[in-house]
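Let's take a walk through this structure together. Have the sequence and the 3D view open as you read.

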Amino acid sequence: MDFALTEEQKLLKEGVRRIGRKYGLEYWREKDARHEFVHELWRELGENGYIGLAIPEEYGGAGLGLLEMAMVVEELAASGAGSTVAQLFMITPVFGGLTITLHGTEAQKKEYLPAIAAGKKDFCMALTEPNAGSNSLEITTFAEKDGDYYIINGQKIWITGVDVADRMLLVARTTKRDQGQRKTDGISLFIVDPKDPAITTTPIEKVGTHCLRSDTVFIENLRVHKDQLIGEEGKGWRALLDTLNAERVVTTAGLIGTGELAIRLAVEYAKERKVFGQTPIGAYQGIQFPLVRLRAELELAQLMNYKAAWLYDHKQPSGREANMAKLIAGEAAFGACDRAMQTMGGYGYAKEYHVERLWRDVRLFRIAPVSEEMILNFIAQHDLGLPRSY
Ligand SMILES: Cc1cc2nc3c(=O)[nH]c(=O)nc-3n(C[C@H](O)[C@H](O)[C@H](O)COP(=O)(O)OP(=O)(O)OC[C@H]3O[C@@H](n4cnc5c(N)ncnc54)[C@H](O)[C@@H]3O)c2cc1C
């Protein structure tokens, strides 16, 4: 077991930290206030090869893996971005890059991967539906075969980044749920154009993560050529699990970086702030101990996340590890932002001190992309072998 980073990983981390610092806390505060996409940062990450990290070299990427992507996301989150930056890496490098690398046809790889790696094509993913929620197998968006085309109808919700995306990874049924042999049969993945007139979107007002819009998406008679189907018709569930496991690892990386950043801000403040005489509040154990405990939890989650990423990159099952890491990181990162706010007293609640943005954004990741309850269900069933309650 080797815990040492390679020279390449060290350089990668240093390089992206420089970019992360350039687009630091103030940049994100302004973008959050204006509800604006971080175009400048994303462009620079593309130009420096970070978007195409896990895309094979023959398609213009760096040929690295999910482990390196996790390291990059951690660095960016910790440099000032907070957890929202993980969503940027989910929507294009994971939903687009990894899904097509692992399951796309040769023609799809040639068409999309070099453009993704160059930062010239952004993606989003439409899985969640108003009436299905966590129960993804209940989706009813349907793709009806029509010669060389599919005609797709349905509704999606919470689709993040759809307004800035060039393509959408659309999850639909090609067989109704009660007509397949297994409930996982009949799920198909399509690459579609979100700007097609058959697709309309409506933004949802939300608590945080304001640099990316999330929308309700209506799909009415969308015509998609069969060339845009990823993998075999009706056999998309396994491919989707690969995408979702990578999404968890990237989410967790963002959470770990955010927790680290929140603790750093709290510590800097606590060393300076004096309320009773000359003792800085950071000397009080009531201030120190909660931060220390959260620091320990974040480090443990990081180790587990690296393990999940390593397993993923070595084509081994990684769902158990990815879920466990996400569970602990979600709680610990939220705890870190909350304790940072508490440590800073009233200033923690002020926009100027940044922690309130981190706290608003990080809350999302206890619900999405998978809720804590669904992770607990997964571990209960797959790790402990307990029966399903639902
Ligand atoms: C800001 C934001 C961005 C998002 N971006 C995207 C995106 O880009 N693409 C996309 O496809 N989706 C996206 N989502 C959707 C996200 O993945 C879902 O919100 C999430 O999976 C939870 O589904 P739900 O909201 O329908 O909650 P529900 O499934 O309705 O669950 C509600 C509550 O019930 C609990 N619950 C449900 N079933 C069980 C059970 N069996 N046992 C115990 N508890 C249970 C859940 O844990 C949760 O606490 C986003 C969501 C948000 C809020």
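Let's begin at aspartate 215. Leaving aside its neighbours within four places in sequence, aspartate 215 is in contact (heavy atoms within 4.5 Å) with Lys156, Ile157, Trp158, Ile159, Val162, Thr201, Thr202, Pro203 and Ile204. You'll find aspartate 215 in strand β7, residues 214-225; strands (E, at least two residues) and helices (H or I, at least four) are DSSP runs, numbered from the N terminus. Aspartate 215 has a relative accessible area of 0%, so it counts as buried, a word that stands for under 20% relative accessible area with a 1.4 Å probe, protein chains only. Its side chain makes a polar contact with the side chain of arginine 213, at 2.7 Å. A polar contact is a pair of N or O atoms within 3.5 Å; within protein, one must be able to donate a hydrogen and the other to accept it, and residues adjacent in sequence count only if both atoms are side-chain atoms.

A word on what you're looking at: this is a predicted model, where local features need pLDDT of at least 70 and side-chain atom pairs count only at pLDDT 80 or more, while totals for chains, interfaces and linings use all residues. Residues are numbered from 1 along each chain as its sequence is written, and side-chain values use heavy atoms, with hydrogens and water left out.

Now for the ligand. Of the 19 residues around it, Thr128, Ser134, Trp158, Ser371 and Glu373 come nearest, where being near takes a heavy atom within 4 Å. A ligand nitrogen sits 2.6 Å from an N or O atom in the side chain of threonine 128, and an oxygen atom of the ligand is 2.7 Å from one in the side chain of glutamate 373. The elements giving two or more residues to this shell are β1 (123-126), β3 (149-160) and α12 (372-382).

What about the interior? The largest nonpolar core has 98 residues, and Trp28, Leu45, Leu66, Leu88, Phe89 and Val250 have the most contacts inside it. Such a core is a set of buried Ala, Val, Leu, Ile, Met, Phe, Trp, Tyr and Cys residues joined through side-chain atoms within 4.5 Å. Helix α7 (residues 236-272) supplies the largest share of this core, 17 residues. Another core, of 20 residues, lies apart from it and includes Tyr150, Ile159, Val217 and Ile219.

Last stop: helix α3 (residues 39-47), where Leu41, Trp42, Glu44, Leu45 and Gly46 are buried. Their cover includes α1 (7-22), α2 (25-34), α4 (66-81), α5 (84-103) and α6 (106-117).

Methods. Buried < 20%, exposed > 50% of the residue type's maximum accessible area, 1.4 Å probe, protein only.
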